[in-house]
Amino acid sequence: MRHTLPIAPQFYVTAPQPCPYLEGRMERKLFTALQGDGAQRLNDTLSKQGFRRSQNVLYRPSCADCAACLSARVNVENFTASRSQRRTIKRNQRLERRATSPWATEEQYALFREYLEDRHANGGMADMDTFEFAAMIEETPIRTRVVEYADQETGDLVAVCLTDVFDDGVSMVYSFYDPNRPRDSLGTYIILDHIEIAREAGLPYVYLGYWVPGSAKMWYKAAFSGLEVYSGGEWQKMHDPEDFEAHRHPLSNDPIAEQVANISLPDGKPLRNKKY
């Protein structure tokens, strides 16, 4: 009988591109394919090490001159809604949550286009057509849900979040909402409701994507109590956002080879010890 040895995932680095969060900086990403029978375990393991999913790819920022992009998550047990957040929950009581399989719809795409044109008209997703949108929603090898929020009075779809389910939490892959309801703070509400989703499911964390010290676009995430960021190879509780300003320094990042060598795989062993 022939025995097949496990194959370690292969990691690659993208070409430098302008950073969308810090002006004047260049961005690179370390990435690997997410496929096969072990996709869910690989996704769960690497997500705990700062990786994020985009369709069938897992990636993590790996820039040459800064380490400012820090994966962020809310520790559900340590979260307490602020007065402003409680008001946001109350304002959106009329919304109905619907969790469905990852299928794209015309209604979702129409809302997505409206959101992009108002908030990110010059962003990298601005030219995304219906087929690309469907791929973003539907191409997933792991447990994924589309969480929709509809106005119970009008029936209108007002917010959507593509959500992955991990063994220790839920991950907000991408969310969009009606930009004509600024008073409702829908972006904040989606996060607050995902904290409730995790609590209902007995899961300890809500993964929010990346937080960047000094970036106005990302500063809202620091408003959530119980926030943790992945820094220095471990999750750290955020006490003061300014504690992480040093990650913008040109000497704050390890060489690519060292970063890859320190990645742990689902068997718990770092890549540096793998022998095949």
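This is a predicted model: local features need pLDDT of at least 70, side-chain atom pairs count only at pLDDT 80 or more; totals for chains, interfaces and linings use all residues.
Visitor: Let's start with the overview: what makes up the secondary structure of the protein?

Guide: Six helices and 14 strands. The protein has 276 residues, and 47% of them count as buried. As for contacts between residues at least 6 apart in sequence, 66% join residues at least 24 apart.

Visitor: Which strands form the open sheet of eight, and in what order?

Guide: The order is β8-β9-β10-β11-β12-β7-β13-β14, and the pairing is mixed.

Visitor: Why are β8 and β14 said to stand at the edges?

Guide: β8 (95-100) and β14 (234-237) each have a single partner strand, so one side of each has no neighbour in the sheet. On average, neighbouring strands here are turned by 30 degrees against each other, ignoring direction.

Visitor: How do you know that β8 and β9 pair?

Guide: Two strands pair if there are at least two bridges between them. β8 and β9 (residues 144-151) have six bridges, in the antiparallel sense, so they count as a pair. Look for Glu-96, which stands opposite Ala-150 in β9.

Visitor: Which helices should I look for against this sheet?

Guide: One of them is α3 (residues 106-119), lying across β9, β10 (157-165) and β11 (169-177) and running at about 75 degrees to β11. Helix α5 (residues 186-201) packs on the sheet too, touching β7 (70-75), β8, β9, β10, β11 and β12 (205-211). The direction of α5 makes about 155 degrees with that of β11.

Visitor: Why are α2 and α5 called roughly perpendicular?

Guide: Angles of 65 to 115 degrees get that name. Helix α2 (residues 83-91) packs against α5 at about 95 degrees, with the axes 9 Å apart. That angle falls inside the range, so the two helices are roughly perpendicular to each other.

Visitor: Which residues make that contact?

Guide: From α2 come Gln-85, Thr-88 and Ile-89, and from α5 come Thr-188, Tyr-189 and Leu-192. They divide into three nonpolar, three polar and no charged.

Visitor: What makes Gln-55 worth a look?

Guide: Its phi is positive, about 55 degrees, although Gln-55 is not a glycine. Most residues other than glycine have a negative phi. You'll find Gln-55 in the loop between β5 (52-54) and β6 (57-61).

Visitor: Why is Gln-55 called partly exposed?

Guide: Buried means under 20% relative accessible area, and exposed means over 50%. Gln-55 has 26%, which lies in between, so it is partly exposed.

Visitor: And what about Ser-185, where does it lie and what is its phi?

Guide: Ser-185 is in the loop between β11 and α5. Its phi is near 50 degrees, again a positive value in a residue other than glycine. With a relative accessible area of 25%, Ser-185 is also in the range between 20% and 50%, so it counts as partly exposed.

Visitor: Which strands form the open sheet of four?

Guide: They go β1-β4-β6-β5, with antiparallel pairing.

Key
Residues are numbered from 1 along each chain as its sequence is written. Side-chain values use heavy atoms; hydrogens and water are left out. Buried means under 20% relative accessible area, exposed over 50%, partly exposed in between (1.4 Å probe, protein chains only). Contact means heavy atoms within 4.5 Å. Axes are lines fitted to C-alpha atoms, for helices over the stretch in contact, and angles run from 0 to 180 degrees between N-to-C directions. Angles under 35 degrees count as roughly parallel, over 145 as roughly antiparallel, 65 to 115 as roughly perpendicular and the rest as oblique. Ala, Val, Leu, Ile, Met, Phe, Trp, Tyr, Cys and Pro count as nonpolar, Asp, Glu, Lys and Arg as charged, and the others, Gly among them, as polar.
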